Amino acid sequence: MCGIVGIAGFTPVNQLIYDALMVLQHRGQDAAGIVTLDSNNRFHLRKANGLVKDVFEMHHMLHLQGTMGLGHVRYPTAGCTSVSEAQPFYVNSPFGITLAHNGNLTNTKEMREYLFKKKRRHVNTTSDSEVLLNIFASALDNSQNYPLTEEDIFTAVAKTHKLIKGAYACVVMIIGHGMVAFRDPNGIRPLVMGNYILKDGRIEYMVASESVALDTLGFKLLRDLAPGEAIYINERGNLFTHQCASNPQYHPCLFEYVYFARPDSYIDNISVYSARVRMGQSLGKKIADKWAQLDIDVVIPIPETSCDIALEIARILDKPYRQGFVKNRYVGRTFIMPGQQERHKSVRRKLNVNRAEFKNKKVLLVDDSIVRGTTSKQIVIMARDAGAIRVYFASAAPEIRFPNVYGIDMPNVNELIAYGREVNKIRELIGVDELIFQNLADLINAVKDNNSNITEFECSVFDGNYITKDINQNYLDSLVLLHRDNAQVLYYQNEIENLEIYNKD
């Protein structure tokens with residue numbers, strides 16, 4: 001999962017994009033990048049591995065001149081840590097184009113071959129985002145107009161939609177023209193737009209992965225980009241919009257609401273906070289109806305995504321709600337950290353128990369989901385070590401049994417604790433006395449309650465239904481092999497880094 005932002009304005013955008021990326025930091029902690037476009041039609045780029053606050057120093061910010069720009073934060077994908085994979089990406093033809101992308105293409109291999117053999121374009125990294133950039137650039141090459149018209153740009157987006165498959169929300173800058181943003185025909189990955197009216201009446205536009213980025217910068221949230229839709233803001237600040245897909249359908253990613261998005265964001269006109277409250281209500285009712293025999297003393301969330309969920313469960317069960325874990329806010333999310341060993345080590349650095357809330361109590365732990373189960377198991381051990389006499393566990397999401405192919409880093413089914421296992425076996429593996437999962441239908445109803453126009457979500461991690469209809473077992477097997485190879489590369493990279501540290505000491 002990544003976070004993207006683009007601003008087309010009339011005032012310097014470097015600080016604005018930096019501030020937006022800080023707000024979107026939860027979507028990616030591996031690398032960050034900003035590219036701006038100045039009045040002399042020159043791109044200024046800074047990108048590197050690390051957090052936003054570490055990547056951009058004062059001299060970098062001073063270099064990022066311009067009134068139009070893009071930003072990106074990336075999380076580790078399949079162990080890839082090379083700065084060459086950081087975004088935004090750039091290609092010099094036609095005109096000069098730079099792109100930031102959130103999502104994942106599912107036909108990258110075919111498109112890479114198509115670009116090389118048919119379009120004579122070489123893609124130098126393993127990133128599907130660079131493939132996407134070159135597909136769009138080659139589609140623009142078909143136009144003989146200069147400057148490009150809005151019809152030319154929308155035609156290029158339509159051709160891109162027809163060629164690529166998967167999930168993608170993109171923001172693009174074209175030298176001499178302006179900024180383009182578009183979303184995949186299924187609307188899997190989120191993308192919102194807003195504006196800011198200057199005192200002289202001119203309008204600046206912004207797109208971002210989540211509405212919270214617009215809120216922070218004082219931009220007014222206008223709406224979400226529709227699935228398949230593209231917008232174009234030219235250098236004069238004129239906005240054009242067009243539906244570029246032949247059969248767009250709304251299938252937003254359900255996991256965005258469960259885990260990734262900030263609670264103060266709106267995605268596809270759905271409040272993430274309200275969705276999580278309703279998740280707690282439906283799960284609380286399930287526990288009250290079907291697990292009434294549980295003698296629960298206290299309800300404790302595993303911070304922070306599950307706090308609002310657990311509060312509703314406690315209210316429905318009429319049990320005390322307590323903060324049993326104290327979170328170190330300066331440690332990154334364990335789910336998006338590279339390598340199983342690093343994830344395992346980080347849990348106790350990230351969470352510490354408030355022993356007074358566990359000692360001699362029967363506790364119900366609440367989390368948003370259980371993916372690999374390693375974090376859950378460590379937390380259960382921590383609860384028992386703190387004196388809990390019984391530990392129950394409730395997940396606001398159903399069992400995650402299938403790999404994600406649309407931009408979430410869980411491609412290897414062998415890492416998913418629920419893959420091929422029934423609930424009782426999962427319970428034994430994480431070491432709890434009882435284990436309760438949310439029903440998928442209840443989760444869907446909890447999320448879509450704010451927006452009746454959305455009837456289906458992208459739920460493949462729960463039900464194995466891949467809506468792009470191009471995923472088969474051979475593709476999934478290839479992901480397992482790729483993940484294994486990249487994990488081996490990451491292992492050797494870590495060994496080299498450790499050796500370097502040892503030699504320095």
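This briefing describes a sheet, a helix and the cysteines of one structure. The model is predicted, so local features need pLDDT of at least 70 and side-chain atom pairs count only at pLDDT 80 or more, while totals for chains, interfaces and linings use all residues. Residues are numbered from 1 along each chain as its sequence is written, and side-chain values use heavy atoms, leaving out hydrogens and water.

**The sheet**
- Seven strands form an open, antiparallel sheet in the order 3-2-4-1-10-9-11, where strands are DSSP runs of E with at least two residues, numbered from the N terminus, and two strands pair if DSSP finds at least two bridges between them.
- Strand 3 (43-49) and strand 11 (220-224) are the edge strands, each pairing on one side only.
- Strand 1 (residues 2-8) runs antiparallel to strand 4 (residues 68-74) and is joined to it by seven bridges; Ile 7 has Gly 69 as its bridge partner in strand 4.

**Helix 4**
- Helix 4 (residues 108-118), a DSSP run of H or I with at least four residues, has the buried residues Thr 108, Met 111 and Leu 115, where buried means under 20% relative accessible area and exposed over 50%, with partly exposed in between (1.4 Å probe, protein chains only).
- These buried residues line one face of the helix, because they fall within an arc of 65° seen down its axis, the arc being that of the directions from the helix axis to the C-beta atoms.
- The face turned away from the buried side carries the exposed residues Lys 109, Phe 116, Lys 117 and Lys 118.

**Cysteines**
- The count of disulfides, meaning pairs of cysteine sulfur atoms within 2.5 Å, is zero.
- Cys 2 is in no disulfide, and the nearest cysteine sulfur, that of Cys 170, is 11 Å away.
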